[in-house]
Amino acid sequence: MNTNDDNIELIDRYLEDKLTEEELTDFKQQLSDDADFRETVEAQRLAIAQIQHQAALKKMRQFGQELKAETPVHTLKPKIRRLPPLLKIAVAIALLLVAGLVIVIPIINNNNEIAEQPTDTIDNDKYGTDSKLDFNESLKVKQLQLTDDIASTISGDRTIRLSILFEQISQATYDFQTINNDLFLLINKETLDAENLTPVFIQIFDKDSSRLYLRLDEKFYQINEGEQRPLVVETDETILNVLEKQ
Amino acid sequence: MVHIDELKANKDVAWKQFYAECYPKVTAMLLTKGCAADRIDDFFHDGMAVFYNRVVFGNPEKPDELIHAPVAFVKRIVLNLFLKNIRDTKSTAELSDTLTADLVDQDDYLLDEETTLFYTRKAMLDQCWALLEEACQNILQLYYFKRLRDKETAARLGYALNSVKTKRSRCMRLLRACIKNI
């Protein structure tokens, strides 16, 4: 069928449901008889739907743009509250007081600690006349080298056995011995020689106690764990003498 | 709240108010369904366009269709368009069916046959529409959307009356020819 303008107008009126009964009857007859006409009617229907959709879409986008332009952009500004002048002064004084306390209290504490610290030389009455090490800090580390003469200098009447687990040289036993209230550590020098180890004793002092560590190679072993009484280590070039104050 | 009768009267003020009323609700719904934020406007405007034509030109499938809750109606259209988009963009039908089934109850999927068909062809229809020059688009929209007579269109666009008639006929023929080839 020739889809001239008259037919298109007829199709438009059909799609708008504006045909008379007689026109509608003829139109439906043509629809059932003519495949091309059916195709044209369907194409016209879709075309109109597309035109209307595109126009409505354009309208909605325009609404969106207008509304966005009309809507004021609210930027959040931080609320700044002005304090009353008297409150400002009160806050300033409070801050100064807090700052003063923070600065002054540690200074006072520090002075007290300094006052409580031992004097540069150990009190001989407390630690014995043979004590010769200097302690002028609250925490101190001393490293004491053992020498070949140690075995020959150790003797006595009482032995304290202390077992130390060595990771490197299996388990060895070390003897502590007191002689005239002096505590001596007995080292099996042959074992150390066999392992080519040089024992180093490290005593760490803090305010109320001390801890004695034995260092072999890069390992540390605490040998007086749990001791409450302070130990004093005295040495010269040839002997390690561990004193236990009664 | 805008009443449906105000929308049927096709006043721009009412539609703009309705747009402002719908937009945040539809946006919230789409976000909860997992829609990308930058696609929300596309789905919303498409849904609003469908709704607009339903209200202003009527639903050819249901001439006596009553719309009691316009906002809910728009939300359902937009949701259907969003779900249809998911189905169309997923390569595996089973996967997309499972996905959309999780997103919405089956009862909510109420896109009518005509609209479904229209949106199935939407991409190609859009291509056909894009083939038309701007003057063609304007003349066709004024005739079929604004319902202006050719004489009014000629006055508005500054064309001769015969030129408008000829252009409208030619542009419509081009559009139909393209659609027939879909």
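This is a predicted model: local features need pLDDT of at least 70, side-chain atom pairs count only at pLDDT 80 or more; totals for chains, interfaces and linings use all residues.
Visitor: How many helices and strands does chain A have?

Guide: Helices (H or I, at least four residues) and strands (E, at least two) are DSSP runs, numbered from the N terminus. On that basis, chain A has 7 helices and 9 strands.

Visitor: What pattern does chain B follow along its sequence?

Guide: Chain B has 10 helices and 0 strands. Its pattern, read along the sequence, is therefore α-α-α-α-α-α-α-α-α-α.

Visitor: What percentage of the residues in chain B are buried?

Guide: A residue is buried if 20 or more other C-beta atoms (placed from the backbone) lie within 10 Å of its own, exposed if 12 or fewer, and partly exposed in between. In chain A, 13% of the 246 residues count as buried. For the 182 residues of chain B, the figure is 29%.

Visitor: Which element gives the most to the side of chain A that touches chain B?

Guide: Here 25 residues of chain A are in contact with 25 residues of chain B. The elements giving two or more residues to chain A's side are α1 (5-15) and α3 (35-70) of chain A. With 23 residues, the element that gives the most is α3(A).

Visitor: How many residues on that side of chain A are nonpolar?

Guide: Ala, Val, Leu, Ile, Met, Phe, Trp, Tyr, Cys and Pro count as nonpolar, Asp, Glu, Lys and Arg as charged, and the others, Gly among them, as polar. On the side of chain A that touches chain B, 7 residues are polar and 5 charged, and the number of nonpolar ones is 13.

Visitor: Which elements do the buried residues of α8(B) pack against?

Guide: Those buried residues are I139(B), L140(B), L142(B), Y143(B) and Y144(B). They pack against α3 of chain A together with two helices of chain B, α9 and α10 (161-180).

Visitor: Is N10(B) buried or exposed?

Guide: N10(B) sits in the loop between α1 (4-8) and α2 of chain B. Its phi is positive, about 60°, although the residue is not a glycine. Because N10(B) has 12 C-beta neighbours inside 10 Å, it counts as exposed.

Visitor: And R147(B), buried or exposed?

Guide: R147(B) lies in the loop between α8 (134-144) and α9 (150-157) of chain B. Phi of R147(B) is positive too, near 60°, in a residue other than glycine. Because R147(B) has 11 C-beta neighbours inside 10 Å, it counts as exposed.

Technical notes: Residues are numbered from 1 along each chain as its sequence is written. Chains are lettered from A and ligands numbered from 1 in the order in which they are written. Two residues are in contact if their C-beta atoms, placed from the backbone, lie within 7 Å.
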